[in-house]
Amino acid sequence: MAMFQAPKGVPEYFGARGGSFLAVREALSRPAMLAGYGYAELPVFEDTGLFVRGVGESTDVVSKEMYTFEDRGGRSLTLRPEGTAGVMRLVVEHGLDRGQLPVKVWYAGPFFRAERPQHGRYRQLQQVGIEAIGSDDPALDAEVIALADEAFRSLGLTQYTLHLTSLGCAVCRPGYREALQSFLAGVDLDEATRERAAVNPLRVLDDKRPDVQARLAGAPHMVDHLCAECAAHYAAVRQALGLLGVRWNEAPALVRGLDYYTRTTFEFTHDLLGAQSGIGGGGRYDGLMESIGGAALSGIGWGIGTDRTLLACEAEGLEPGAGPLIDVYCVPIGADAKARLVGLAGELRARGVRADIAYGDRGLKGAMKSADRSGAPLVVVLGDNEVQGRTAVIKEMTTGDQSTIPWDSVLDVIQSRVQEQAIERNSR
RNA sequence: GUGGGUGUAGCUCAGCCGGUAGAGCGCCGCGUUGUGGUCGCGGAUGUCGCGGGUUCAAGUCCCGUCACUCACCCCA
């Protein structure tokens, strides 16, 4: 066993999966970038109070899953368990809420929750998120949801479902909450669930145990208790989603684990992921910014799990970002040749051609083996003969064909062949 | 936090009723003095997770522990 191991519950990506992870993160953010969302680089730790007030003290995330520590000045800091609260803080702190609205930002990076690790559930989890703050236009809700849908679709995913509902607002939710509580009072529930019913009755609805679900049949749903404004808003969101070609499943029992959600609320689940099936989720949050000391601006956003989206791709047999890491592999025979190829590789890279060289003195055979393993479709072989004759040998690895060309033309020849191959790849 | 399963070579795993360590893949070399993949031949690699116990003898049985893993809970 190695002397050191990565901390429990922290996934690492390298080799082919490293490339896949990067491709997934890229795919998740691309649709948002095409819709005017700007990138925000946010701190990985924040004032503990931000999450307690923003996310909600009664949530599991805050009450028992935070990595909290004191810095040397005695301040209580917490590794961020989610992204929205930090974005709200940034917007308020820098006065973005006083400028052009809505403020649209996207972010990506690690989040931390002290949970027991499981397939798709990690202590350090990676997310890509977007937030659109300062507008309650239902068309914006639809845009946000469609951007997530487009992200999944662009990866080639098909076996996922969008679950959608409305959680109402400060006007209609209290009445519903009472109705639900009085219903739950008449249901036989265990101690832990009863406690949850007192703190956050909505959360009881998404209990996964079949026997509990059976007893919850006939429970009142928020969507049936929406006030006129919320009902109109929800109807408009659905209409806009229809226009955008997004398909969804009405999920009246959908509940999210964070307290700040209001009105439009959604979750994406994947069919092949086992227990941790949620690959993304989000919703509107009307009171969040006010609760951390900002203006009373509404916002909507989502977080998509990068780890889980990669797992979903793999479960569907997709390989995001697959393909060779380099275009040209340089194989020198002897010191003179190596000096020239080091220079050539540098010039190729400057032209945007991915190039690598056989280092060390493994001999021609060994170097060709490395060339093969690199996956590069093109190899440049240079030895004393070529150096003397001012030529270079270029070999196509797929066919085995090779040709000798003048050294002065080698850069141009390689570049044009690499471009041809790129075009071929894209047309497939 | 609660419960189940699994820890043997770099990876995936076999190892019967306890008798002293194996396969495939990968890696290295040779067949080829300047050519990779395929093929053939050869080679290296282990604290059998860790600690204790039972036994003449433990990878194998027992206890503990750690790690991984699946599920609950929760969520991305």
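Strand β5 (residues 103–112) pairs with β6 in the antiparallel sense, over 10 bridges. Within this pairing, Gly109 stands opposite Gln127 in β6. The model is predicted.

Strand β6 also pairs with strand β11 (residues 299–305). These two strands run antiparallel, joined by 7 bridges. Ala132 has Ile300 of β11 as its bridge partner. How many residues of strand β6 are buried? The count is 9 of the 10 residues in 124–133, so the strand is largely enclosed by the rest of the structure.

## Two domains

The domain assignment of chain A gives two domains. Domain 1 covers 15–172 + 226–315. Domain 2 covers 328–427. Their centres, taken over C-alpha atoms, are separated by 46 Å.

## An open sheet of 5 strands

Another set of strands forms an open sheet. The order of its 5 strands is β13-β12-β14-β15-β16, and the pairing is mixed. Which strands stand at the edges? They are β13 (355–357) and β16 (402–406). Each has a single partner strand, so one side of each is left without a neighbour in the sheet. Neighbouring strands here are turned by 25° against each other on average, direction ignored.

Strand β12 (residues 328–332) and strand β14 (residues 378–382) pair in the parallel sense, over 5 bridges. There, Pro332 stands opposite Leu382 in β14. Helix α16 (residues 410–427) packs on the sheet. This helix touches β12, β14, β15 (391–396) and β16. The direction of α16 makes about 15° with that of β15.

Val393 stands opposite Thr404 in β16. The two strands form a hairpin, with 5 residues between the strands. In this hairpin, Gly400 takes a positive phi near 90°.

## Aromatic pairs

The structure holds 10 aromatic pairs. One of them joins Phe45 and Phe69. Their ring centres are 6.1 Å apart. Why is this pair edge-to-face? The ring planes stand at 75°, and over 60 degrees counts as edge-to-face. Phe45 lies in strand β2 (residues 45–47), and Phe69 lies in strand β3 (residues 67–70). The pair therefore ties together parts that are 24 residues apart in sequence. Phe45 is partly exposed, with a relative accessible area of 44%. Phe69 is partly exposed too, with a relative accessible area of 34%.

Next come Phe152 and Tyr160. Their ring centres lie 5.3 Å apart, and their planes stand at 55°, so this pair is tilted. Are Phe152 and Tyr160 buried or exposed? Both residues are buried. Ring pairs link Phe152 and Tyr160 with Phe266 and Phe268 into a cluster.

## Arginines over rings

Rings also meet arginine side chains. Arg80 lies over the face of Phe111, at 4.1 Å from the ring centre. Arg238 lies over the face of Tyr234, at 4.0 Å from the ring centre.

Terms used:
Residues are numbered from 1 along each chain as its sequence is written. Chains are lettered from A and ligands numbered from 1 in the order in which they are written. This is a predicted model: local features need pLDDT of at least 70, side-chain atom pairs count only at pLDDT 80 or more; totals for chains, interfaces and linings use all residues. Side-chain values use heavy atoms; hydrogens and water are left out. Two strands pair if DSSP finds at least two bridges between them. Helices (H or I, at least four residues) and strands (E, at least two) are DSSP runs, numbered from the N terminus. Axes are lines fitted to C-alpha atoms, for helices over the stretch in contact, and angles run from 0 to 180 degrees between N-to-C directions. Contact means heavy atoms within 4.5 Å. Rings of Phe, Tyr and Trp (its six-membered ring) pair if their centres lie within 6.5 Å; planes under 30 degrees apart count as stacked, over 60 as edge-to-face and the rest as tilted. Buried means under 20% relative accessible area, exposed over 50%, partly exposed in between (1.4 Å probe, protein chains only). A charge sits over a ring if NZ of Lys or CZ of Arg is within 6 Å of the ring centre and within 35 degrees of the ring normal. Domain bounds come from an automatic or database domain assignment.
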